[in-house]
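Here is a short tour of one protein chain, told through a few of its residues. Have a look at the sequence and the structure first, then read on.

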Amino acid sequence: MIVQRVVLNSRPGKNGHPVAENFRVEEVNLPDCVNEGQVQVRTLYLSVDPYMRCRMNEDTGSDYITPWQLSQVVDGGGVGIIEESKHTNFMKGDFVTSFYWPWQTKVILDGNILEKDIFLCLEKEMATHFSILAWKNPVDRGTWQATVHGVTRVGHDLATKPPNHQISM
């Protein structure tokens, strides 16, 4: 399977400003098999944080932050959904998170670096219930907006296709 990933292409220098040219997108083959203890995950969200600026240079200015390596995939906080699992703690459809998430569209990870994202799992369940409630009970615009705000992060149809017969906009 071909996936896309982001690698560090060049370093901006200690006082230089990061630019798009410091990164490049590559296509690579994802291995076909998931080994025992691993999961295959589709990336949903990646975190871009100020501390990552330090990781772009050899000297990060810190003992506890490691630099990204040139021509290697960059990593950071991420959230994804499991597509295949050979780890006892995770199953297909689980939302997971890690601080060591490679910036690529899909990835095979050691399940031991992952945590279940209980909040996204709950939001997915709640989205289903909100959808049923919205169908059965008319709601005012403010209630609808609050409901939509609570489920948009998981991309539920409720966020993009409100039932027309119950809402006057």
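This is a predicted model: local features need pLDDT of at least 70, side-chain atom pairs count only at pLDDT 80 or more; totals for chains, interfaces and linings use all residues.

Which backbone nitrogen does the side chain of Asp94 reach? That of Met91, at 2.9 Å.

Residues are numbered from 1 along each chain as its sequence is written, and side-chain values use heavy atoms, with hydrogens and water left out.

Back to Asp94. You'll find it in the loop between strand 4 (75-85) and strand 5 (95-102). Helices (H or I, at least four residues) and strands (E, at least two) are DSSP runs, numbered from the N terminus. Asp94 counts as buried because its relative accessibility is 10%; buried means under 20% relative accessible area, exposed over 50%, and partly exposed in between (1.4 Å probe, protein chains only). Not counting residues up to four places away in sequence, Asp94 touches Gly80, Ile81, Ile82, Asn89 and Lys116, where contact means heavy atoms within 4.5 Å.

Five strands make an open sheet in the order 6-3-4-5-7, with antiparallel pairing. Its edges are strand 6 (106-110) and strand 7 (115-116), each pairing on one side only. Two strands pair if DSSP finds at least two bridges between them. Strand 3 (residues 38-46) and strand 6 are joined by five bridges, and Lys106 in strand 6 is the bridge partner of Arg42.

What about salt bridges? The term means a side-chain nitrogen of Lys or Arg within 4 Å of a carboxyl oxygen of Asp or Glu. By this rule there are seven, including these:

| Pair | Closest N to O |
|---|---|
| Glu58 and Arg11 | 2.9 Å |
| Asp75 and Arg55 | 3.0 Å |

Glu26 sits in strand 2 and Arg5 in strand 1, 21 residues apart, so the pair links distant parts of the chain. Glu26 counts as buried at 17% relative accessibility, and Arg5 does too at 18%. Arg5, Arg24 and Glu26 are also linked in a network of salt bridges.Next, Glu58 forms a salt bridge with Arg11. Glu58 lies in the loop between helix 1 and strand 4 and Arg11 in the loop between strand 1 and strand 2, so this pair ties together parts that are 47 residues apart in sequence. Glu58 is exposed at 52%, while Arg11 is partly exposed at 22%.

Asp75 belongs to strand 4 and Arg55 to helix 1, so the pair ties together parts 20 residues apart in sequence. Asp75 and Arg55 are both buried.

Technical notes:
A polar contact is a pair of N or O atoms within 3.5 Å; within protein, one must be able to donate a hydrogen and the other to accept it, and residues adjacent in sequence count only if both atoms are side-chain atoms.
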